[in-house]
Amino acid sequence: QEQRKERKRTNDLGLEIVRRLNHYFKDTDQKALREVVDMFQFLARDGDVVKKTELGKRIAFTAKLNRLSARERQMFMSVLDSIIKETAAKHGYKEDEAREVINNFSRMSL
């Protein structure tokens, strides 16, 4: 019971980070950046960011991430970082714990 509650809380944190990231970039005209955000959302689409994502999806996400220019990648990571900080604080998590949630499902290393 307690484990399930914690899992749901962690999942809610991850999904909110994904939602906020999508909202931030929803009107961007940078195609590569939009594709990364869309793929990031696709990874979380089944509504469970706690479980591990399929290898194929993670590889596709990484490929899209690698297509970003240095400037786009910096922008994406910077926005993601600030969203993680704000969302972690709001949900009563440590920043590292929130990063771990995102790392686990996206296989990014933040």
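User: How many residues does helix α5 have, and how far does helix α5 reach from its first C-alpha to its last?

Analyst: Helix α5 (residues 95-106) has 12 residues and reaches 17 Å from its first C-alpha to its last, close to the 16 Å expected at 1.5 Å a residue. The expected span is 1.5 Å times one less than the number of residues. Helices here are DSSP runs (H or I, at least four residues; strands are E, at least two), numbered from the N terminus. The model is predicted: local features need pLDDT of at least 70 and side-chain atom pairs count only at pLDDT 80 or more, while totals for chains, interfaces and linings use all residues. Residues are numbered from 1 along each chain as its sequence is written, and side-chain values use heavy atoms, with hydrogens and water left out.

User: What should the 24 residues of α1 span?

Analyst: At 1.5 Å a residue, α1 should span 34 Å. The end C-alpha atoms of α1 are 35 Å apart, which agrees.

User: Which residues of α5 are buried, and what do the buried residues of α5 pack against?

Analyst: Buried means under 20% relative accessible area, exposed over 50%, and partly exposed in between (1.4 Å probe, protein chains only). In α5, the buried residues are Ala98, Arg99, Val101, Ile102, Asn103, Phe105 and Ser106. They pack against α1 (2-25), α2, α3 (55-66) and α4 (70-91), where contact means heavy atoms within 4.5 Å. After α5 comes Arg107, which has a positive phi, near 65 degrees.

User: Which residues are buried in α1, and what covers the buried residues of α1?

Analyst: The buried residues of α1 are Thr10, Asn11, Leu13, Gly14, Leu15, Glu16, Ile17, Val18, Leu21, Asn22 and Phe25. The cover over these buried residues includes α2, α4 and α5.

User: Take Leu13. What does Leu13 touch, not counting residues up to four places away in sequence?

Analyst: Leu13 is found in helix α1 and counts as buried because its relative accessibility is 0%. Residues up to four places away aside, Leu13 touches Thr87, Ala88, His91, Tyr93, Ala98 and Val101. Leu13 and Lys90 are 77 residues apart along the chain, yet their C-alpha atoms are separated by 9.2 Å.

User: Now helix pairs. At what angle do α1 and α2 pack?

Analyst: Two packed helices are described by the angle between their axes and the distance between the axes. Axes are lines fitted to C-alpha atoms, for helices over the stretch in contact, with angles from 0 to 180 degrees between N-to-C directions. For α1 and α2 the angle is about 155 degrees and the axes are 10 Å apart. The two helices are therefore roughly antiparallel (under 35 degrees is roughly parallel, over 145 roughly antiparallel, 65 to 115 roughly perpendicular, the rest oblique). Their crossing is left-handed, meaning that the near helix is turned anticlockwise from the far one by less than a right angle; clockwise is right-handed.

User: Which residues in α1 meet which residues in α2?

Analyst: From α1, Val18, Leu21, Asn22 and Phe25 meet Leu33, Arg34, Val37, Asp38, Phe40 and Gln41 in α2. By class, this contact of α1 with α2 has 6 nonpolar, 2 polar and 2 charged residues. Ala, Val, Leu, Ile, Met, Phe, Trp, Tyr, Cys and Pro count as nonpolar, Asp, Glu, Lys and Arg as charged, and the others, Gly among them, as polar.

User: Is Arg34 buried or exposed?

Analyst: Arg34, in helix α2 (residues 31-43), is buried, with a relative accessible area of 17%. Beyond its neighbours within four places in sequence, Arg34 is in contact with Asn22, Phe25, Lys26 and Thr28.

User: How far apart are the axes of α2 and α3?

Analyst: The axes of α2 and α3 are 9 Å apart, at an angle of about 160 degrees. These helices are therefore roughly antiparallel, and α2 passes α3 in a left-handed crossing. Glu35, Val36, Met39, Phe40, Phe42 and Leu43 of α2 make the contact with Lys57, Arg58, Ala60, Phe61, Lys64 and Leu65 of α3. The residues divide into 8 nonpolar, no polar and 4 charged.

User: At what angle do α4 and α5 pack?

Analyst: The angle between α4 and α5 is about 120 degrees, with their axes 9 Å apart. They are therefore oblique to each other, and the crossing is right-handed. Leu80, Asp81, Ile84, Lys85 and Ala88 in α4 meet Glu95, Ala98, Arg99 and Ile102 in α5. The contact of α4 with α5 has 5 nonpolar, no polar and 4 charged residues. Leu80 counts as buried, at 1% relative accessibility.
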